[in-house]
There are 12 protein chains.
Amino acid sequence: MIHGPNLNLLGEREPAVYGTGTLAQLDERIALLAVELALAVDCRQYNAEGAIIDALHTARGVYDAVILNPGAYAHYSYAIADAVSSIGLPVIEAHLSNIAGREPFRRVSVTAAACVGTVSGFGVSSYLLALRAAREILIK
Amino acid sequence: MIHGPNLNLLGEREPAVYGTGTLAQLDERIALLAVELALAVDCRQYNAEGAIIDALHTARGVYDAVILNPGAYAHYSYAIADAVSSIGLPVIEAHLSNIAGREPFRRVSVTAAACVGTVSGFGVSSYLLALRAAREILIK
Amino acid sequence: MIHGPNLNLLGEREPAVYGTGTLAQLDERIALLAVELALAVDCRQYNAEGAIIDALHTARGVYDAVILNPGAYAHYSYAIADAVSSIGLPVIEAHLSNIAGREPFRRVSVTAAACVGTVSGFGVSSYLLALRAAREILIK
Amino acid sequence: MIHGPNLNLLGEREPAVYGTGTLAQLDERIALLAVELALAVDCRQYNAEGAIIDALHTARGVYDAVILNPGAYAHYSYAIADAVSSIGLPVIEAHLSNIAGREPFRRVSVTAAACVGTVSGFGVSSYLLALRAAREILIK
Amino acid sequence: MIHGPNLNLLGEREPAVYGTGTLAQLDERIALLAVELALAVDCRQYNAEGAIIDALHTARGVYDAVILNPGAYAHYSYAIADAVSSIGLPVIEAHLSNIAGREPFRRVSVTAAACVGTVSGFGVSSYLLALRAAREILIK
Amino acid sequence: MIHGPNLNLLGEREPAVYGTGTLAQLDERIALLAVELALAVDCRQYNAEGAIIDALHTARGVYDAVILNPGAYAHYSYAIADAVSSIGLPVIEAHLSNIAGREPFRRVSVTAAACVGTVSGFGVSSYLLALRAAREILIK
Amino acid sequence: MIHGPNLNLLGEREPAVYGTGTLAQLDERIALLAVELALAVDCRQYNAEGAIIDALHTARGVYDAVILNPGAYAHYSYAIADAVSSIGLPVIEAHLSNIAGREPFRRVSVTAAACVGTVSGFGVSSYLLALRAAREILIK
Amino acid sequence: MIHGPNLNLLGEREPAVYGTGTLAQLDERIALLAVELALAVDCRQYNAEGAIIDALHTARGVYDAVILNPGAYAHYSYAIADAVSSIGLPVIEAHLSNIAGREPFRRVSVTAAACVGTVSGFGVSSYLLALRAAREILIK
Amino acid sequence: MIHGPNLNLLGEREPAVYGTGTLAQLDERIALLAVELALAVDCRQYNAEGAIIDALHTARGVYDAVILNPGAYAHYSYAIADAVSSIGLPVIEAHLSNIAGREPFRRVSVTAAACVGTVSGFGVSSYLLALRAAREILIK
Amino acid sequence: MIHGPNLNLLGEREPAVYGTGTLAQLDERIALLAVELALAVDCRQYNAEGAIIDALHTARGVYDAVILNPGAYAHYSYAIADAVSSIGLPVIEAHLSNIAGREPFRRVSVTAAACVGTVSGFGVSSYLLALRAAREILIK
Amino acid sequence: MIHGPNLNLLGEREPAVYGTGTLAQLDERIALLAVELALAVDCRQYNAEGAIIDALHTARGVYDAVILNPGAYAHYSYAIADAVSSIGLPVIEAHLSNIAGREPFRRVSVTAAACVGTVSGFGVSSYLLALRAAREILIK
Amino acid sequence: MIHGPNLNLLGEREPAVYGTGTLAQLDERIALLAVELALAVDCRQYNAEGAIIDALHTARGVYDAVILNPGAYAHYSYAIADAVSSIGLPVIEAHLSNIAGREPFRRVSVTAAACVGTVSGFGVSSYLLALRAAREILIK
């Protein structure tokens, strides 16, 4: 579970858009669902594009799938998109807000093009649904 | 649960992209999950843009939420987008395939802009996740 | 008088944009003005693009002019635009809201290009003014 | 009533597009309708963008509404659009010809975006309808 | 043989562009050639996008090939294009007029991208040539 | 019958796209059909844009119609388009492949804009159908 | 002879682009050639778009032709372009510099579209050649 | 100090965007700072593009620098940009609002391209900072 | 004097656009003016882009200047533009028609960007004026 | 005070664009002015996008305002723009060079859209003016 | 080794961009390296697009690889790109100058898309490196 | 020798595009050629944009030239491009794959615009050729 840039400020940053829960609370809810689904989950947050690429690389051989919220990098980081394509793991993109309904530059995600699928617009539930999606893919 | 154009051919149409299950099988899986989630669900399929608009309108006062796969209409039907905005119900967009990774015209969804959120790329699971998302929204 | 998609929800749909009067009330006001102008008017509402095309076709030989609010179809339905060009009757486009001041995709009307003229932004009065415009054209 | 650039040549300029009546005749017809509607109307014509801005400014406190035909300035004068936004009066845009059906650059009006609404395509009647529209707005 | 929107007005609609023969006469000529080529042909005309999709779907198992004049839908109906891709039959696009030489929006056909090939610009003969093309494909 | 650039390699060049028949075999099939239609046909192949323009010019007074496969020149040679317009003969554009379904740059043909019509996507049959189209035009 | 904005600074303004001669010297050379060609010429310079429109209007009935250097207005003043179209006189556009070889925004002239023709890039000679062009047109 | 179009309405025009102080109060604050910086400053306001060009021209030989708020002309007046380039004085562009964060058309300033630099977004302080910037440039 | 593609058909090709005089008559008029201006002129016509490049190359050391009508190559032949830049001679572009007022693709000339200047829109006189322009440049 | 990428090379990097003073000298001048304005200032320089985001985050609760020169990140880093929006502090963008007058890609700043305002083009003084702007904002 | 348009002028044409060595000297250096690499090399130069296509075609069966400098044709000749795809030989594109850093139109090479790879920006060495690249490909 | 993002996965990542050799093997081959060319080479790999900028900066005074494979950063990192411009060393861009023939976003390299030249498409040999190119530049 890789949280991208500015997500460390969750709960403080533009609560009208992103809600009032903190990242810690979000990770707790993810952990609870992971237990329910009998999955082991690690959550990381990175502001740096390179750190996200590193995290994707090191996921190989350690995890079976990745849930990635690339934040604003979704809209221009072809380097993260290449990393997603490179690692041979299913990667699921998750967004708290409904990016299709925001500023024009947020309507296209270049990183999602390299992912298995996307969940966006459901706040914390976007992550929980992505976790369920990951499990569906893994048990196939 | 509104299935858009060409989804009646599910299982026969481009199985490499859309899978081999039929629409009836898909609806059955949705029904099973609905029971599990204690939700009542109706599934409809329409090829016509106007019929989808009508279905959205009649959902008002009958259903609490709508899951919509607008198919290719996602990419140009501002009339369906307006219908979504008009009815005052939470609408969730679902796609079987990962539209972010297909032809350029499929990367922007104008109907999703009027929805609460989107789930795409997980095949049948896109619908199941959307159903869970609907329940999350309704129990809030 | 052809009302396009979602106008059946008038009064309920986004009242900040479209006002609180219903379509029935709107049609009543049109009828009153028609009497005043000594015109016979029929009002229809259709959500389907094909139904609007059919309605335009059947207007030939029955009506002397058409007032059309194509709703969101205004911005992409070249098929309706072709129907307007095909029927040889004066068609006047009317919009409740001021489409020039809304989202970018609403600033160009491809159907208006085939019409005689346009009235937009005056709420119910857009229709009343269009009716007067029709009368001006017919008495010339 | 502000007539924009080249409208002083009305009746002589491209009569196939703009008709054969002169500006004086147009103003006379406006005056007649104004009497009928119990409105006081002043008509001015300016070729200069700055003069139109000045006229809009001086309308504050003197008139209750403005009818503006910005001519070709409609398509690029953000300065006039700002003036319309600045004065706090309802401004109605009128065009003799149906700008939606002419050259591509004429299909978007940046000044109309700041106005209440638009009437275009009905020749002299565009102004008369705009006058009625103004009265509707004022008596609300 | 599926005729798209506004083709029911053939012979009356813009004869300078589309010729003066009626749709019935066109269908008669098609029938004559079909006899000559020992093919069985059915001709349908629909104004609605959804009806064209339905017709394409029902062609499966009934016909060996489809000739489609999508009219203006050619330029924006990705839903019809998807239907063409879905049915697994050879579909041939035919246009009466030479769409490459008309308004810019008519120069690209998104439905033709899903077809086997296109014949355009020869009036009634476009259909007759498309019928011959269908036969060539079927006898291969 | 003017074959454009790279068509001399027919049968060897990308057979998945263009088929395995050679240009000589293609010309033979054209000749056979010409006999059947009682037409005299000459076939030429040129790689140079200027040679195609010359060939179009010299067709005046010698031939009654031209069938032109401009190859890739179709997508940028305004000089050939001007030549087509200049010679006052009906010119028909033919393509072996379905250019509407290939790379974006191949979806618009600037030379077709100056032609009578287009046949594309039927392999060798594109030429045979074009020949029939030419005959239809000539006997009118 | 209408000189547009900033031409009053000729000789002082960016001499690398526009040369070192002053506007007075330019007008003198024009006057000399006018005498040689037996033409009467008046030269005016205006910085304001509206003043140029006024000058074009007043040219009607007074002059037989206009030579216009619209300066930077060439690239966006549809109002001047409309004035050129309105007055029914031959107008010739002249530019000191070769606008085709400068910044991208200078490569298209919207005012030239309404003129008879253009001369650009020859410094002072652009005007002298335009004067000769005017004479050619008038003696036809 | 040249104030552009609509700035005469300062304090009355869209106070949420432009603040509630009047132009006179703004000029007073500029005058105070000018005294503090030992500079002589004149303030002018013009609604007309041509008047701004004239003012820039007459600044030559009279002033050592110009502070220019071109208002909406910033986004399309290449004629003002040329005037800035022509006069050989340092010109500083100032905007009350943060144009980078407003409508898309306001994000590029074509006049700023010809200026020394820009200060925008600080309300009245934009002018005061521009004045300090001018002094820095002059004392170098 | 290099005449580009299709100019050999002058007088026969679209006379409404290009006039009824032939190329031979045009060359004669050029020759007459050349005598008057005491210049030696050779006129060539080529349909091929490569031939025009060759002709420009061989002009070095033989001629002092070139007048070039690149025809439709003006709008896409960067190879001719490079040839013009390469030869170190003044090249003047001439067009019979007013390219600024024709189809959008004709409004930008990429070859003119490499030339000294352009004369367009005056029919045969475009060449005569270009000849005078060449002389002006040479006697400087 | 956050200096973005490549500013550590100040004085050595393209001195024609960025001046010859070093970053240390720049920071010294900032420190001097800070003393004069009774402000405490810290200066940091980062080449990495993620480090700039981190620095913005840690500014919360420590500083009252941020002055940011995002360097080239200004033109594509939506992640930095989001960080600016997230931290709830006034951020002022400063550029040494006049970005409005450089390459096209530098003319729009996506990070400035999230800032309070921008100062650009005055070299070292851009920072000093930004510091004064910060003080104005803080004392309000 | 195919040299494209204007390369015959090497050493004389814009030496600041292309260097001062002649084409003969370049060919000599290529020959020397060919000897060193034990390769047989032929060098040709063509200004005509069609001649380059012909040369590519005739390379089949004669050469094992082609090094092509298409000059300006690189940016628009889809016909040459098709020829490269047609011949089934490895083709390497070489440019003397660094096309990525020149005018926008030179930044995309449509012919390179059909080649194995590209070497650009190293002057004469671009060819020498391309020759080594060819050898690497051939010995694999 | 700077390897950009995802190149650490070489040999594992999309071998169809990037080959099966590892980065260590690649560096070994580079080292071998360096010995042959009597050059000292250091190879580094970084996933982070900022780390690449740092590496470019520290190359000053230590290395005589840099070979850079910016990976996907090539297509949007203006910050790396600025770093290349800043350091005053020759930088050569190398790509394993032929970026001109891949997805549209990969066809333009903004970092190459700041480099001396580019080698792309030859797999490992791209680096070896770039090394030779560096040597050619250094011995000049």
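1. Strand pairing comes first. Two strands pair if DSSP finds at least two bridges between them. Helices (H or I, at least four residues) and strands (E, at least two) are DSSP runs, numbered from the N terminus. By that rule, strand 5 of chain C is joined to strand 5 (residues 117-120) of chain D by 3 bridges, and the two run antiparallel. C:V119 stands opposite D:V119 in this pairing.

2. A word on the basis. This is a predicted model: local features need pLDDT of at least 70, side-chain atom pairs count only at pLDDT 80 or more, and totals for chains, interfaces and linings use all residues. Residues are numbered from 1 along each chain as its sequence is written, chains are lettered from A and ligands numbered from 1 in the order in which they are written, and side-chain values use heavy atoms, with hydrogens and water left out.

3. How is chain C placed relative to chain D? Two copies of a chain are related by a rotation about an axis and a shift along it. Here a rotation of 180° with 0.0 Å of shift along its axis superposes chain C on chain D, with an RMSD of 0.0 Å. That is the relation of a two-fold axis. In chain C, the C-alpha nearest the axis belongs to C:V119, 2.3 Å from it. The superposition is by least squares on the C-alpha atoms of residues with pLDDT of at least 70 in both copies.

4. Next, the contact of chain C with chain D. Contact means heavy atoms within 4.5 Å. The contact takes 25 residues from chain C and 25 residues from chain D. Of the interface residues of chain C, 100% are also interface residues in chain D, so the copies meet through the same surface.

5. How much area do chain C and chain D bury between them? The figure is about 1,800 Å², with 58% of it on carbon and sulfur atoms. Buried area is the accessible area (1.4 Å probe) that two parts lose on being put together, summed over both.

6. Polar pairing across this interface can be listed briefly. The rule finds 0 salt bridges between chain C and chain D. A salt bridge is a side-chain nitrogen of Lys or Arg within 4 Å of a carboxyl oxygen of Asp or Glu. The rule does find 6 residue pairs in polar contact across the interface of chain C and chain D (both at pLDDT 80 or more). A polar contact is a pair of N or O atoms within 3.5 Å; within protein, one must be able to donate a hydrogen and the other to accept it, and residues adjacent in sequence count only if both atoms are side-chain atoms.

7. Which elements supply the side of chain C that touches chain D? Strand 5 (117-120) and helix 5 (124-139) of chain C each supply at least two residues. Helix 5 of chain C gives the largest share, 6 residues. By class, this side of chain C has 12 nonpolar, 8 polar and 5 charged residues. Ala, Val, Leu, Ile, Met, Phe, Trp, Tyr, Cys and Pro count as nonpolar, Asp, Glu, Lys and Arg as charged, and the others, Gly among them, as polar.

8. 10 strands form an open sheet in the order 2(C)-1(C)-3(C)-4(C)-5(C)-5(D)-4(D)-3(D)-1(D)-2(D), and the pairing is mixed. Strand 2 (44-45) of chain C and strand 2 (44-45) of chain D stand at the edges, each with a single partner strand, so one side of each is left without a neighbour in the sheet. Within chain C, 2 bridges join strand 1 (residues 2-3) to strand 3 (residues 66-69), and these run parallel. C:I2 has C:L68 as its bridge partner in strand 3 of chain C.

9. Now chain A and chain B. Here 25 residues of chain A are in contact with 25 residues of chain B. Chain A and chain B bury about 1,800 Å² between them, 58% of it on carbon and sulfur atoms. Strand 5 of chain A is joined to strand 5 (residues 117-120) of chain B by 3 bridges, running antiparallel. A:T118 stands opposite B:S120.

10. B:E12 lies in the loop between strand 1 (2-3) and helix 1 (15-18) of chain B, and E:R60 in the loop between helix 3 (49-59) and strand 3 (66-69) of chain E, so the pair joins two chains.

11. Some chains do not touch. No contact joins chain B and chain F, whose closest C-alpha atoms lie 11 Å apart. For chain D and chain K, also without contact, that distance is 25 Å.
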